Amino acid sequence: MSRRSLLLTAAALAATAGPLAATARAAARTPKVLVIGLDGALLTRIKDADAPHLAALMAAGLTAPSSIHAQPLAPTMSGPGWSTLLTGVWPDKHNVRDNAFTGHRFAQYPDFLTRAETAKPSLTTYAVSSWAPITDTVLSSKVDTRVSTPSAEYDTGTTSRAVTQLGGGDVDAVFVQLDNIDHAGHDHGAASGQYLDAIHAADAQVGRMVAAVKSRASYASEDWLIMVTADHGHTDAGGHGGSTLPERQTFLIATGPTLAPGSVRYDVKMPDVAASALAHLGVAIDPAWSLDGRPVQQPRPDDFDTLRARLAPRTDETGIPAAVLGHTHTPPAGWSVDNSAMGTGGVAEWRGWTFTTDEFWTAAQRDQHRESNVRARNVFAVADGDEWYDKPVTGTFDSTLVSPAYPVTGGRAATLTYTTFYRHESPQKGEVLVSYDDAAPVTVRTYTADVPSRTETVALQVPAGARTARVRFRYTAGNNWFWVIDGVALTSS
């Protein structure tokens, strides 16, 4: 059977039951989680390889290409990557910056198996890894069983142990790491036949694990969430640690009763693996944990993400691959951009507020911190004076992003939230202004110093009698840096 036939057949079989029926059945079953990590695997090469088992998982569930950080947040290495996947937070929280794990904060941000054990001690957790630092250092002693496979056994031993536990063991949450794809990447490069061969071998091992799950005597009464992911990518020549997009690539393949067969999403990030596992196991995510991840089973609509189908290729940015669709100046419904004070000329892609993606924006110029914009998802808004000034301009950068009119209750409190990332150089300035019933805007926050990628919360007091509130993000600058805005929401109490 061809790979295309396999994909279509699996998708058709999975779709016949329908999401509502699947959700109803899952409610009566015992939740179980299997996370499989393929070190150094590239989703694009998985699609090129002979990988029928991974193809079947993609057809049966969710595929989500994603990207990670680079320096100065952390290099694209296994230590930071696996720590992010397992803890559900980015390196600026777990503090793993390399493979030495010096100064890690796993006591404050433990792995998801540890959180599951803490919340539900009756759960049985199991982890086996070909790369020992995961099971020796990242995962805590609260995990019921941690196995660092002897190097002589490598992925063969890791797979055999996982299959034994999955097929007949009393397990609720399992993590497995396979290492050989990364090994092939280092020795031969991601463009090599050996790298594809390593993916083929790992695919067979994944197939054995999935088959073991389905062979369980209790499988019919169980609700399995299976997730396959990677800690980083590889260059064609081999290696990782730098800031190129291939090195920063990762992905999530996930199957579960609430995940649409054959679906593709762009709003998923690395920390979502831990959050998704916890949610599936029925562990309530405490806001005090400050997780960066959110469950893939609970997608959050975002106005900017509706623009993905409108994204266009480069115009002036010759460094961005011509095939990458990644920018538009057309705002989503209800939004507008005021460029009445904006200068003329400059690089067309960045003239005023632009809606873009990580793969497009970071390719404009690497190693200027754009790769640290980790908390924005899918399509986001950016005002980038630095890139705009790469062609002759007249005037200065002065552009305002204007939100829809949100309903509010006069005399009551309201809360404005948004994700931001602001890199500063004088004399630039970022201003957040709010107007009620389209009266004169009032400044509620000003940016005149660097702000790392984070979610902002601004408390508002709505004037008596007001019915709507509109938010403005005004960026003024010369040849300076940039400001990112995403996930804007305004809620009234």
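Biologist: Quick one to start: how many bridges pair strand S6 with S7, and in which sense do the two run?

Modeller: Strand S6, residues 222-229, pairs with S7 over four bridges, in the antiparallel sense. Keep in mind that this is a predicted model.

Biologist: Got it. Which residue of S7 does Val228 stand opposite?

Modeller: Val228 faces Ile253 in S7.

Biologist: And what pairs with S7 besides that, say from S2?

Modeller: Strand S2, residues 62-67, pairs with S7 over six bridges, and that pairing is antiparallel too. One of the spots to look at is Leu62, which stands opposite Ala254 in S7.

Biologist: Is S7 mostly covered or mostly uncovered?

Modeller: Mostly covered. Strand S7 spans residues 249-255, and six of its seven residues are buried.

Biologist: OK, helices now. What does H12 look like in terms of burial?

Modeller: Helix H12, residues 272-280, is mostly covered as well, with eight of its nine residues buried. The buried ones are Asp272, Val273, Ala274, Ala275, Ser276, Ala277, Leu278 and His280.

Biologist: What covers them?

Modeller: The cover includes strand S1 (30-38), helix H5 (78-87) and helix H7 (112-119), along with our friends S6 and S7.

Biologist: Which residues is Asp272 in contact with, leaving aside its neighbours within four places in sequence?

Modeller: Those are Asp267, Asp292, Gly293, Arg294, Val296 and Arg377.

Biologist: And what happens just after H12, at Gly282?

Modeller: Gly282 takes a positive phi there, about 80 degrees.

Biologist: Switching topic. How do H4 and H11 meet?

Modeller: The axes of helix H4 (residues 52-60) and helix H11 (residues 193-214) come within 7 Å and cross at roughly 60 degrees. The two helices are therefore oblique to each other.

Biologist: Which residues make that contact?

Modeller: From H4, they are Pro52, His53, Leu54 and Leu57. From H11, they are Asp203, Ala204, Val206, Gly207 and Val210. By type, the residues of this contact divide into six nonpolar, two polar and one charged.

Biologist: Back to sheets. In what order do the strands of the five-stranded open one go?

Modeller: The order is S10-S15-S20-S17-S18, with antiparallel pairing. Strand S10 (336-338) and strand S18 (442-447) each have a single partner strand, so one side of each is left without a neighbour in the sheet. From one strand to the next, the twist averages 20 degrees.

Biologist: How many bridges join S17 to S18?

Modeller: Five bridges join them, and strand S17 covers residues 429-436.

Biologist: Let's zoom out. How many helices and strands does the protein have?

Modeller: The secondary structure comes to 14 helices and 21 strands.

Biologist: And how does its radius of gyration sit against a compact globule?

Modeller: It agrees: for 493 residues a compact globule would have a radius of gyration near 23 Å, and the protein has 23 Å. The C-alpha trace spans about 65 × 50 × 50 Å along its principal axes.

Biologist: What share of the residues is buried?

Modeller: Buried residues make up 55% of the 493.

Biologist: Last one: among contacts between residues at least 6 apart in sequence, what share join residues at least 24 apart?

Modeller: That share is 74%.

Key. Residues numbered from 1 in each chain as written. Predicted model: local features only at pLDDT ≥ 70, side-chain atom pairs only at ≥ 80, totals over all residues. Heavy atoms only, no water. Pairing = 2+ DSSP bridges. Axes fitted to C-alpha atoms, helices over the stretch in contact; angles between N-to-C directions. Buried < 20%, exposed > 50% of the residue type's maximum accessible area, 1.4 Å probe, protein only. Parallel < 35°, antiparallel > 145°, perpendicular 65-115°, else oblique. Contact = heavy atoms within 4.5 Å. Nonpolar A, V, L, I, M, F, W, Y, C, P; charged D, E, K, R; others polar. Rg over C-alpha atoms; globule rule 2.2 N^0.38 Å.
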